[in-house]
Amino acid sequence: MHGVTGATSFLFTEYQYVGIFMVAFAILIFLFLGSVEGFSSKSQPCTYDKEKTCKPALATAIFSTISFLLGAITSVLSGFLGMKIATYANARTTLEARKGVGKAFIVAFRSGAVMGFLLAANGLLVLFVAINLFKLYYGDDWEGLFEAITGYGLGGSSMALFGRVGGGIYTKAADVGADLVGKVERNIPEDDPRNPAVIADNVGDNVGDIAGMGSDLFGSYAESSCAALVVASISSFGINHEFTAMLYPLLISSVGILVCLITTLFATDFFEIKAVKEIEPALKKQLIISTILMTVGIAIVTWVGVPSSFTIYNFGDQKVVKNWQLFLCVGVGLWAGLIIGFVTEYYTSNAYSPVQDVADSCRTGAATNVIFGLALGYKSVVIPIFAIAISIFVSFSFAAMYGIAVAALGMLSTIATGLAIDAYGPISDNAGGIAEMAGMSHHIRERTDALDAAGNTTAAIGKGFAIGSAALVSLALFGAFVSRAAISTVDVLTPKVFIGLIVGAMLPYWFSAMTMKSVGSAALKMVEEVRRQFNTIPGLMEGRAKPDYATCVKISTDASIKEMIPPGALVMLTPLIVGTFFGVETLAGVLAGALVSGVQIAISASNTGGAWDNAKKYIE
């Protein structure tokens, strides 16, 4: 039960700090948006259609702030509930592992699925309720209504940022600290109860991989829904007040939930898993089945819910789109997601040559291993980028910015299945930790390790989805920003834009440097503390005395909370500062630059990490 209390107390501490930040940022949003018309409460002509009158800017400011807070709360909730489910699931998986691999797999997988459905349904429900409540005030002014709804996406992703960074620093500091001293210096097995950092390590898996991942995917999901809704509100759907067609993004997600329900049954009920080697294929089938079923689902929704021909706002003019073109936009995003998933799997699973080559290179020491690992990560960027590029080209040429937003939604439509196979990783990892700490027989540890090796790959697949969809979402939001700021073209050849591009491309590196340094210094503290305990507590190695777990947990907690603020502030404040001092064109350059370089770092770093982890398992 250490794990449950540890994870909960950490999240509460983290959310207190983040809560203060949220309130401050909400006030900022209100001031920035309200001051547009000097806080007047008079109605004014609409931005895109000057004949009509729209609700005042003050109203939009109030409602945007509300939806920002709604998004933030939903995001926090999805991370927190996911982690609660996971902490219960860990021990159950360990117990089921006594009966065999198949039983343990079902428990771990079902727990992941519970989290996936909870998150997808939560995000959808809150958004739908918010739209309907805001409609009571806005009435026919849909342009203002959906502009206010965008706050939801911002809230979701800003929380995800802190959850990801805070959780990531926590889990990595504990992991490095525990393994460096325990495995390398003292030569005791991983997750051994004599290791003082073992509790911090198990808590970290929940906080970083589950709560972080949950918030992260929710953030992408909320943003792509909002981006699509904003563009639709100034297209024919919004102008003619076609509510069903307007909510097309939400329809995609809801069909996605139904599809994932059917898909999950394939892993747990239709086919029983008997042996270890069936685990990874079963998880892979999940992706394929959900994608195929979803393609059919999208076709039905598009045919029923959207008129056969309509117009989409495209930088100042309305572009005519047919419903089959819209179907292709969503479909291309969906299949691009599958491709990214499979490429990730190929590069990070120890069943294929890339990881085996990395493992092989260890024979000549750590240096060659590092070189091979980095090369693998960089090489794994190639195909996903082409997949993203093709889906951007197709969806943009069919339906402009709306196409890109729904392509991102297509990629995220099977989010419940994606999260199920993703949360499965940390759950089975911790089940192994519990087995080791409780001193169960080595058969059980072997079974949980087999579950866990598949889990490392699926965690990388989950990250792949998050990265791919985030790239599409950022582009859609960038498009929304450019059309809202009334910039007709972003010209790379003007110095204002170009300096923006080059500085923007640097930002992900700056951000990564901050987070890596934070992890490094926290891990250093952790190593010193673990060494101190091994050297000063008599009888610790023989198992007569208990280590002081709490101090290690505190080190991780303090480090991650202190260190998550600067990277977070960098991301949130850059657009405000650049826009205020250098103007909109430079800001457009900065956003484009950060998007382009961020995707590359993200994919390569994620895959290098997953590959090294599995190479280690392959050697063991």
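Salt bridges, each defined as a side-chain nitrogen of Lys or Arg within 4 Å of a carboxyl oxygen of Asp or Glu, number 14 by this rule. The structure is a predicted model, in which local features need pLDDT of at least 70 and side-chain atom pairs count only at pLDDT 80 or more, while totals for chains, interfaces and linings use all residues. Residues are numbered from 1 along each chain as its sequence is written, and side-chain values use heavy atoms, with hydrogens and water left out.

One of these bridges joins Asp-216 to Arg-164, with the closest N and O atoms 3.1 Å apart. Asp-216 sits in helix H5 (residues 198-233) and Arg-164 in helix H4 (residues 142-185), so this pair ties together parts that are 52 residues apart in sequence. Helices here are DSSP runs of H or I with at least four residues, numbered from the N terminus. Arg-164 is partly exposed at 23% relative accessibility, where buried means under 20% relative accessible area, exposed over 50%, and partly exposed in between (1.4 Å probe, protein chains only).

A further bridge pairs Arg-445 with Asp-191, at 3.6 Å between the closest N and O atoms. Here distant parts of the chain are linked, 254 residues apart: Arg-445 belongs to helix H15 (residues 442-484), and Asp-191 to the loop between H4 and H5. Arg-445 is buried at 14%, and Asp-191 is buried at 7%.

Within helix H16 (residues 495-536), Glu-529 and Arg-532 are 3 residues apart, or about one helical turn. Their side chains meet in a salt bridge of 2.9 Å, N to O. Glu-529 is buried at 10% relative accessible area, whereas Arg-532 is partly exposed at 42%. Finally, salt bridges with shared partners join Asp-191, Glu-436, Arg-445 and Asp-449 into one network.

How values were computed
Helix = DSSP H or I, 4+ residues; strand = E, 2+ residues; numbered from the N terminus.
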